[in-house]
Amino acid sequence: MKTLPLPPWPAAELAAMSETALHQAARARVEQAWQRCREVNPGLPAPKVWFNLRGASAGQAHLGHGGLRLNPVLLNENRTAFFDEVIPHEMAHWLVFHLDNGPRLKPHGHEWKTVMRDLFGLVPSVTHRFDIKQAQSAPYRYQCDCRFHQFTPRRHSLVVNGRRYRCRHCAKTLVYRPE
């Protein structure tokens, strides 16, 4: 069963949307993708949708909580790609997980690739190529002999708990320098 991708969402319409309208449209796109998945698995439960994913990941099928987590910063900056690629990508995970033996299957294995190609009409791609600078907060400033480095809260926490980092250029230990 080979099919066409989901119908394109008008780019001009996406570009003009407020954050609230964008989130509503993303939920509508998840609904479209879910309806397509139900063509092959009529009993597939509808996923909940959250906009609380942070960091470099664009989306996540959060199977334990029963839904999809989307990165609101990356969604805002990559609207068309989210609607065309990220949401179908996560819905493919959602569908595969709900197949027989789904929890035992590889996340980007044969079944997922088949869903991406044959159900969503997309080339199965595991990673995105979005600019993640705005999505990754790095508010902790560290210094060596040659420059300043920005650390994420997670990396800063590791330093507080005793981990040490060295600069790749001058090999000096990085020292925390609050602004």
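Start with the lining of the largest pocket: by class, 15 of its residues are nonpolar, ten polar and three charged. Here Ala, Val, Leu, Ile, Met, Phe, Trp, Tyr, Cys and Pro count as nonpolar, Asp, Glu, Lys and Arg as charged, and the others, Gly among them, as polar. You're looking at a predicted model, where local features need pLDDT of at least 70 and side-chain atom pairs count only at pLDDT 80 or more, while totals for chains, interfaces and linings use all residues. Residues are numbered from 1 along each chain as its sequence is written, and side-chain values use heavy atoms, with hydrogens and water left out.

**Stop 1**

The volume comes to about 570 Å³. For the method, a pocket is an open set of points on a 1 Å grid over the protein atoms alone, where a 1.4 Å probe fits, with protein on both sides within 12 Å along at least five of seven lines; lining residues have an atom within 4 Å of a point. Points are joined across faces, edges and corners, and the volume is the space filled by probe spheres set on them.

Now colour by element. β2 (59-62), α4 and α5 each supply at least two lining residues, and α4 gives the largest share, seven residues. Those labels are DSSP runs numbered from the N terminus: helices are H or I with at least four residues, strands E with at least two.

**Stop 1: helix α2**

Select residues 19-38. This is α2, with 20 residues, and it reaches 28 Å from first C-alpha to last, close to the 28 Å expected at 1.5 Å a residue; the expected span is 1.5 Å times one less than the number of residues.

Next, show the side chains of its buried residues: Leu22, His23, Ala25, Ala26, Arg29, Val30, Ala33, Trp34, Arg36 and Cys37. Buried means under 20% relative accessible area, exposed over 50%, and partly exposed in between (1.4 Å probe, protein chains only). What do these buried residues pack against? Their partners are α1 (11-16), β1 (48-50), β3 (67-70), α3 (72-77), α4 (79-97) and α5 (110-119).

**Stop 2**

Asp84 lies in helix α4 and Arg29 in helix α2, so the pair ties together parts 55 residues apart in sequence. The structure holds one such bridge. Are its two ends buried or exposed? Arg29 is buried, with a relative accessible area of 1%, while Asp84 is partly exposed at 28%.

**Stop 3: two strand residues**

Pick Lys48 in strand β1. Leaving aside neighbours within four places in sequence, Lys48 is in contact (heavy atoms within 4.5 Å) with His65, Gly66, Gly67 and Leu68.

Then jump to Gln143 in strand β4 (residues 140-143), which is partly exposed at 26%. With the neighbours within four places again left out, Gln143 is in contact with Phe148, Thr173, Leu174, Val175 and Arg177.

**Stop 4: positive phi**

Finish in the loops. Asn101, between α4 and α5, has a positive phi of about 65° although it is not a glycine. Ala171 sits in the loop between α6 (153-160) and β6 (175-176); its phi is near 65°, a positive value in a residue other than glycine. Ala171 is partly exposed, at 42% relative accessibility.

Definitions and conventions:
A salt bridge is a side-chain nitrogen of Lys or Arg within 4 Å of a carboxyl oxygen of Asp or Glu.
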